[in-house]
Amino acid sequence: MSFIALIPARTASTRLPDKPLADIAGKPMVVRTADRAALSGASKVYIATDDVRVQQAVQAHGLTALMTRGDHPTGTDRLAEAVDQLGLPDDAIVVNVQGDEPLIEPELIDAVAAKLQARPDADIATCACPLADADALFNPNVVKLVCAADDRALYFSRAPIPWARDALAAGERVLADGLPAWHHIGLYAYRVSFLRRYPTLPQGVLERFESLEQLRAMEHGHVIVVHRASSPPAAGVDTPADLERVRLIYSKQI
């Protein structure tokens, strides 16, 4: 299996400004994430950024940064520019590792890449884990998905899907026994041919209402397959509290 790990890194976070540069035990967060990605089977790891400070920080730790435009509306658009800079062939596989995942499991990166490689009918692979509880099922910030028997994604939603009609008939918020409810994990593997096409795809109606970028691909007929993990991965960094949690974990390892 051959694939490349690409890490898009933006500094314009409202909740945690300059997030990729946040120090974690002596290294910037984006470098810690790249270090984790390098433990996977990726043949190369690149950081795609629009901030020269990130480029300098990455290069100072012996890693490669690609400078991309600052007007990309999504991280996927940034990856599309990066694969063109790298001159990758259309059949290459790229795994998009978010820059705020300094605890990401290398095995999960490998699993998503392998899932896409094994499915020539698909353009994208992603992953999911069993939904934890009823609170998560009804939380719009937790993205749910439903899959076909062959692991092809049928739909992603912020709504509680699938809807357990009988269990929820009385208006209670419960997680029905045996409900095939899956929590989407935002790790993606792409075929480069899809990444090159993505910037030309108009925004879809479902994408606009759900505010879920992956629905654009589905609305335009692209197949997404899902690696079903048995347990949730380590959480990423979205808030200052998340950052302190990760710093504590790293401090115990060194």
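1. Q55 is found in helix α2. Helices here are DSSP runs of H or I with at least four residues, strands are E runs of at least two, and both are numbered from the N terminus. At 18% relative accessibility, Q55 counts as buried. The cut-offs are under 20% relative accessible area for buried, over 50% for exposed, and partly exposed in between, with a 1.4 Å probe and protein chains only. Leaving aside neighbours within four places in sequence, Q55 is in contact with T49, A65 and M67. Contact means heavy atoms within 4.5 Å.

2. A word on the basis. This is a predicted model, in which local features need pLDDT of at least 70 and side-chain atom pairs count only at pLDDT 80 or more, while totals for chains, interfaces and linings use all residues. Residues are numbered from 1 along each chain as its sequence is written, and side-chain values use heavy atoms, with hydrogens and water left out.

3. Which residues of α2 are buried? They are V54, Q55, A57 and V58. These residues cover an arc of only 165 degrees around the axis, so they sit on the same side of α2. The arc is taken over the directions from the helix axis to the C-beta atoms. Q56 and A60 are exposed, on the other side of α2. The cover over the buried residues includes β1, β3 (27-28), α1, β4 and β5 (64-67).

4. Next, the ends of α2. D51 caps the N-terminal end, with a side-chain oxygen 2.8 Å from the backbone nitrogen of R53. A polar contact is a pair of N or O atoms within 3.5 Å; within protein, one must be able to donate a hydrogen and the other to accept it, and residues adjacent in sequence count only if both atoms are side-chain atoms. Just after α2, G62 takes a positive phi of about 75 degrees.

5. Why is helix α1 (residues 29-38) described as largely enclosed by the rest of the structure? Because seven of its ten residues are buried. Those residues are M29, V30, V31, R32, T33, A34 and A37.

6. V237 is found in the loop between β11 (224-228) and α9 (240-251). At 0% relative accessibility, V237 counts as buried. V237 and M29 are 208 residues apart in sequence, yet 9.2 Å apart in space, C-alpha to C-alpha. Not counting residues up to four places away in sequence, V237 touches L16, K19, M29, D100, P102, D242, L243 and V246.

7. The largest nonpolar core has 32 residues. Such a core is a set of buried Ala, Val, Leu, Ile, Met, Phe, Trp, Tyr and Cys residues joined through side-chain atoms within 4.5 Å. I7, V30, I47, V95, V97, I109 and L187 touch the most other members. Two or more residues each come from β1 (4-9), α1, β4 (44-49), α2 (52-60), β6 (93-96), α4 (106-117), β7 (124-130) and β10 (182-191). The largest share, five residues, is from α4. Apart from this core lies another, of 31 residues, including Y46, V143, Y188 and L195.

8. L187 deserves a look of its own. Setting aside neighbours within four places in sequence, L187 is in contact with V95, N96, V97, I104, L108, I109, V112, A125, T126 and C127.

9. How many aromatic pairs does a search of the whole structure find? Four. Rings of Phe, Tyr and Trp (its six-membered ring) pair if their centres lie within 6.5 Å; planes under 30 degrees apart count as stacked, over 60 as edge-to-face and the rest as tilted. F138 and W163 have ring centres 6.3 Å apart and planes at 75 degrees, so this pair is edge-to-face. It links distant parts of the chain: F138 is in helix α5 (residues 134-138), and W163, 25 residues apart, is in the loop between β9 (153-157) and β10. F138 is buried, with a relative accessible area of 16%, whereas W163 is exposed at 51%.

10. F194 and Y198 form a tilted pair, 5.9 Å centre to centre with 55 degrees between the planes. F194 is buried at 2% relative accessibility. Y198 is also buried, at 2%. Y188, Y190, F194 and Y198 form one aromatic cluster.

11. Lastly, cysteines. A search of the whole structure finds zero disulfides, the criterion being a pair of cysteine sulfur atoms within 2.5 Å. The sulfur of C129 is 8.1 Å from the closest cysteine sulfur, in C127, which is too far for a bond. C147 is in no disulfide either, and its nearest cysteine sulfur, that of C127, is 11 Å away. C129 is buried, with a relative accessible area of 2%. C147 is buried too, at 19%.
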